[in-house]
Amino acid sequence: MKPAAPPDPPDADGSANRKHVMTAEERAEYERLRRHAAVRHRRLRQAGSSVLLLLALLLAPLAVVAAWVQDTVSDTDRYVETVAPLASEPPVQEVVINRLTDRVVANVDVAAVTDSLTRALQDAGAPPRVVEGAESLEAPLRSAVRSVVDATITRVITSDAFQQVWEGANRRSHAAVVNMLTGEREGAVRAEGDTVQLDVGAVVDEVRERLVDAGFDKAAAIPDTDRTITLFQTEELGKAQDTMRLLDILGTWLPVLTVVLAALAVWTAPAHRVMLTITATGVGVMMVVLLVALAVVRRVYLDSVPPTALPTDAAAAIYDTFVRFLRDSTRTLLVVAVITALVAYLYGPGRPARAVRTTADRGTTAAGRGLHRAGVRTGSTGRWLTDHRAWTTGGVIAAGALALVLWNHPTVGAVALVLGIALAVLIVVAVLAAAAGPTAGHEDRAAAP
C-alpha cells in the first residue's frame, strides 16, 4: 500500500509572500476615503456635542430653581433661615402693627363710652356746655386708645420675643411650604383660590395676650377670623403650582442630569478645551438670564399686589427675602462659570494665554532658583513635581472642584476662597519644582562644552 502523497504547499510559487504595492492612484483614493471618514466622524461628534450642550444649557436655569425649591422644602433649618428675616423687616413689621392696631381699636366701643359719660352728666344735672364737651371726647379718646394700643403692639412686634415666636411657629409649620406648592389649605403659607396668603394667627394670639395683660380687656374680643395677609395674587397660580410640583419631583435629579449632559458635551466634542470654554460661557449666560428673569418676576409680583392689601415696600421685602438664596446660588454658579471659562482659555494657544503662562512660569522659576541659591533645595521631590506637573495641576483643580461640591450651599465668597487657596497651592508647587535645580543630565550637558 502506497503512502499518501504529501499535499502541495499552498502557493508554492511564493505569491502569498508578495505584498501588494498600491499604485499612486490607489494611494490617492485611499487617502481621500480616509480623510472623508475622518471628516464625517468629526462632524458627527460636533453635532452630538452641540445637541448635548443645548440640552444642558436649557436645563441649567430649571435645575437651579428645582434645587432651590427642593432644598427649601425638604430642609427645615433652611426654610426657617429663609423666612426668619421677615420678622425683622421694618416694612413687614409696620404692616402687622397697623393691621393688629386697627382690629383692636375696632373692638373698643369708644362711642359707647362717650355716650355713657354724656348720659351720666345729664342725669347729674351738669351744665349743657359740660355735656357738649363730653360728647366731643370721642375723637380724642379714640386717638388716645389707638396710641396706647399701637405702642403696646409695636413693643411686641419689635422685640426679640416676637422673633423667637416667629421662628418657632415657622419651624413647627414647615409643612406650610409644601401645602402652598401643592395647593393644600393648611399651614402659615397657604393657597386660597388665586392668592397666596400668610397666616399671622400665632402673632395675633401673642399680641392679644400681651394687651389683655396690659389691662385692655377688650383685646380678648379680637376675632380669630381674617388673620391672613395676602402675599401674592394671580390667575396663573394653578399653573405655577403644577410647575413647582414638577420641579420639586425633579429637584434631586435635574441638576445631576444637567451636569452629566454638560460633561458629555465636553467629552464628545473633538476639541475638549474649546467645548469646555463654550459650555462654561453658555452656563454663565443662562445664569444672567435667570437673574434677569427673577427681576422681571419681582416687578410682576409687585404689580399684582394691590397697595390696599400690602404696601409695596413690604411686598418687596417679602419677595427679596424668599428668593435671596436662589439669587445667591445663581450668582455663585455665574462666578464658577466665568472662572472655568477663563481657566480653559488660559490653557489654550492664544497669544494672551501664552503671555500669562510665560509670565507665571518666569516668576515661579525665578523664585525657585532664588530658593535653590539660598540653600533650599527640593531635590528628588522637586524633580518629581517637574516631571508630573500636569498631574499635580489637575489634582489641585480637582480638589478645588470637589471642595465646592461638598461645600454646603457655597457662596461667591466660598468660591473666591477656594480659588485663592488653589492658586496659592499651584504657585507653591511650581516654586518647589523650580527649587530642585537642574537635573543630572542638564549638569553633564552644561559641563561638556
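## Burial and the aromatic pair

A residue counts as buried when its relative accessible area is under 20%, as exposed when over 50%, and as partly exposed in between. The model is predicted. In it, Tyr301 has a relative accessible area of 4% and is therefore buried. Tyr319, at 9%, is buried by the cut-off of under 20% as well.

These two tyrosines form a stacked aromatic pair, with 5.5 Å centre to centre and 25 degrees between the planes. A search of the whole structure finds one aromatic pair. Tyr301 belongs to helix H12 (residues 272–304) and Tyr319 to helix H13 (residues 312–346), so the pair ties together parts that are 18 residues apart in sequence.

## Nonpolar core

The largest nonpolar core has 56 residues. Those touching the most other members are Leu100, Ile153, Ile157, Val207, Tyr301 and Leu310. Helix H1 (residues 24–74) supplies the largest share of this core, twelve residues. In soluble globular proteins, nonpolar side chains tend to be buried together.

## Gln93 in helix H3

Gln93 sits in helix H3 (residues 90–106). Its relative accessible area is 14%, so Gln93 is buried. Apart from neighbours within four places in sequence, Gln93 is in contact with Ala87, Ser88, Ile157 and Thr158. Of these contacts, Ile157 is also named among the core residues that touch the most other members.

## Surface patch

A nonpolar patch on the surface is formed by Trp253, Val256, Val260, Leu264 and Trp267, with about 570 Å² of accessible area together. Leu264 is part of helix H11 (residues 253–268). With a relative accessible area of 34%, Leu264 is partly exposed.

Notes: Residues are numbered from 1 along each chain as its sequence is written. This is a predicted model: local features need pLDDT of at least 70, side-chain atom pairs count only at pLDDT 80 or more; totals for chains, interfaces and linings use all residues. Side-chain values use heavy atoms; hydrogens and water are left out. Helices (H or I, at least four residues) and strands (E, at least two) are DSSP runs, numbered from the N terminus. Buried means under 20% relative accessible area, exposed over 50%, partly exposed in between (1.4 Å probe, protein chains only). Contact means heavy atoms within 4.5 Å. A nonpolar core is a set of buried Ala, Val, Leu, Ile, Met, Phe, Trp, Tyr and Cys residues joined through side-chain atoms within 4.5 Å. Patches are made of residues with over 30% relative accessible area and no salt bridge: like charges are joined within 9 Å, nonpolar side chains (Val, Leu, Ile, Met, Phe, Trp, Tyr) within 5 Å. Accessible areas come from the Shrake-Rupley method with a 1.4 Å probe; for residues, only the protein chains shown count as cover. A salt bridge is a side-chain nitrogen of Lys or Arg within 4 Å of a carboxyl oxygen of Asp or Glu. Rings of Phe, Tyr and Trp (its six-membered ring) pair if their centres lie within 6.5 Å; planes under 30 degrees apart count as stacked, over 60 as edge-to-face and the rest as tilted.
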